Amino acid sequence: MATVMLPGSLVALFPGTARRQEVAGATVDDIIVELDRSVPGLRDRLVDAGPVLRRHINVFVDGEPADLATEVSPTARVHVLPAVSGGAP
Amino acid sequence: MTTRVQLLVGTKKGAFILDSDQDRKDWSVKGPLCEGWPTHDLIVDPKSGTIYAATGNAWYGPAVWRSDDGGETWTHSSAGMTYGDDGPKITTVWSLATGLDGTVYAGVEEAGLFKSTDRGETWQHVEGLTNHPSRPTWGPGAGGLILHTIVPHPTDPNRMWVGISAVGVFETRDAGATWQARNVGIRGFNPEDPFPETGLCVHKFGLAAGEPETLYQRNHQGVYRSEDGSATWTEITEGLPTDFGFAMAAHPRDADTFWVIPLSVPEEGRFMPDAHAAVWRTDDRGKSWICSDTGLPKQDAYLSVLREAMARDTLDPVGVTFGTATGQLWHSSDGGDSWRMITDTLPEIWGVEAAVVEG
């Protein structure tokens, strides 16, 4: 299973959710759907209509920028990060 | 039995709840709530006491937050809040209201209406509004293409009004299946078409107390009254220092009384005219206006008040509160005759709601 690292600001929305999770899935989309099974509502926080990753959400698979269709190997490390572009005063 | 007053304040950096006894002199401040999510509007369901907050987060999107314990703990959801994968993206929830049967309604950006019959757990698109023939012509105001006002009819569950900037007022009389534009008499922006059906910049409107067919409207261009259930509007701006402003609140018992906060026109800064802070009140349905500035700064007050950021409570004398875009919260516990500042250190204030809590 892939190792997924979630941002603190995301898990804060779902009390009790671990930032590091082992998740099965062949693509980033699969990973997020699987996460949503155990944390209902999490997908809505990351995925916009399209479906596409929300504008200010970045996902990296083994260090490379990814989108929902990006393939994920069973040994992959997946980082979900809030983009700095979402910031404002 | 004790009576307390709560002010629910939506800001750019989260929701806050201020609490006081019925004297409304000393206030405690709790917040930021909702994990600091930008909050446009908060409401209290009058039957259950449940608090709902309308939010939108730059990273995580729109959501309606709910608290069943007075703001101590919160849940959130936007499940079903979508126009579909081929439709416009929804960036934030702007406005909330509860219907007679407890249905929760949410107005969003990009403008549309959603409803929830399970206390905000899941949402359904009210497609009838989006299907209005004028939809392809809808365009945003400076604040975006937003559905910012939801006014359920006080006795008829099939009737409701909504306001969209910069489009206008719409009414349904069949529980949301179909909608009619209700903007006759509202001034538009095109000199060649001064009174169009839509393309009008409603900023806020509300019902007169005890008169289900009387509404007052704060528009980008003027203040208006309708006494025929929004079929026609009569301008009542005369006597105010400008014809621009965002916020208004109607008296909870006196149908003749409501308050507005005029601002300088957009080209001149959108602050209180001449930097002299004042709330203006009518006691005769807009025939005349009274300037209320006792306790407010009369010079160098470059204050602006946004469309959701004024509210009144239901006590006697009625309390009136407004919040500024620079984080000041001003309160009057004598019906708007005199004012004092509760705090000047909140974030940019976007919405204010007042609730009387018995317990």
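This is a predicted model: local features need pLDDT of at least 70, side-chain atom pairs count only at pLDDT 80 or more; totals for chains, interfaces and linings use all residues.
The predictor assigns the complex an ipTM of 0.96 and a pTM of 0.97. For chain B, the mean pLDDT is 97, and 100% of the residues of this chain reach 70 or more.

Chain A contains three helices and seven strands. Their order along the sequence is β-α-β-α-α-β-β-β-β-β. Chain A is as compact as a globular protein of its length, because its radius of gyration of 12 Å is close to the 12 Å that the globule rule gives for 89 residues. The C-alpha trace of chain A spans about 40 × 30 × 25 Å along its principal axes. Of the 89 residues in chain A, 28% count as buried. Among the contacts in chain A with a separation of 6 or more, 47% are accounted for by residues 24 or more positions apart.

At the interface, 16 residues of chain A are in contact with 15 residues of chain B. On the side of chain B that touches chain A, seven residues are polar, five are nonpolar and three are charged.

Within chain B, four strands make up an open sheet with antiparallel pairing. The order of the strands in this sheet is S16-S17-S18-S19. Strand S16 (202-208) and strand S19 (234-235) of chain B are the edge strands, each of them pairing on one side only. Strand S17 of chain B, residues 211-219, pairs with strand S18 of chain B, residues 222-226, in the antiparallel sense. Five bridges connect strands S17 and S18 of chain B. Leu215(B) has Ser226(B) in S18(B) as its bridge partner.

Elsewhere in chain B, Tyr302(B) lies in the loop between strand S23 (290-292) and strand S24 (310-312). Tyr302(B) has 15 other C-beta atoms within 10 Å. Tyr302(B) is therefore classed as partly exposed, a class that falls between the limits of 20 or more such atoms for a buried residue and 12 or fewer for an exposed one. When neighbours within four places in sequence are left aside, the contacts of Tyr302(B) are with Phe271(B) and Ala275(B). The C-alpha atoms of Tyr302(B) and Ala277(B) are 8.0 Å apart in space, although the two residues are separated by 25 residues in sequence.

Notes
Residues are numbered from 1 along each chain as its sequence is written. Chains are lettered from A and ligands numbered from 1 in the order in which they are written. Helices (H or I, at least four residues) and strands (E, at least two) are DSSP runs, numbered from the N terminus. Two residues are in contact if their C-beta atoms, placed from the backbone, lie within 7 Å. Two strands pair if DSSP finds at least two bridges between them. Ala, Val, Leu, Ile, Met, Phe, Trp, Tyr, Cys and Pro count as nonpolar, Asp, Glu, Lys and Arg as charged, and the others, Gly among them, as polar. pLDDT is the predictor's confidence in each residue, from 0 to 100. The radius of gyration is taken over C-alpha atoms; the globule rule is 2.2 Å times the number of residues to the power 0.38.
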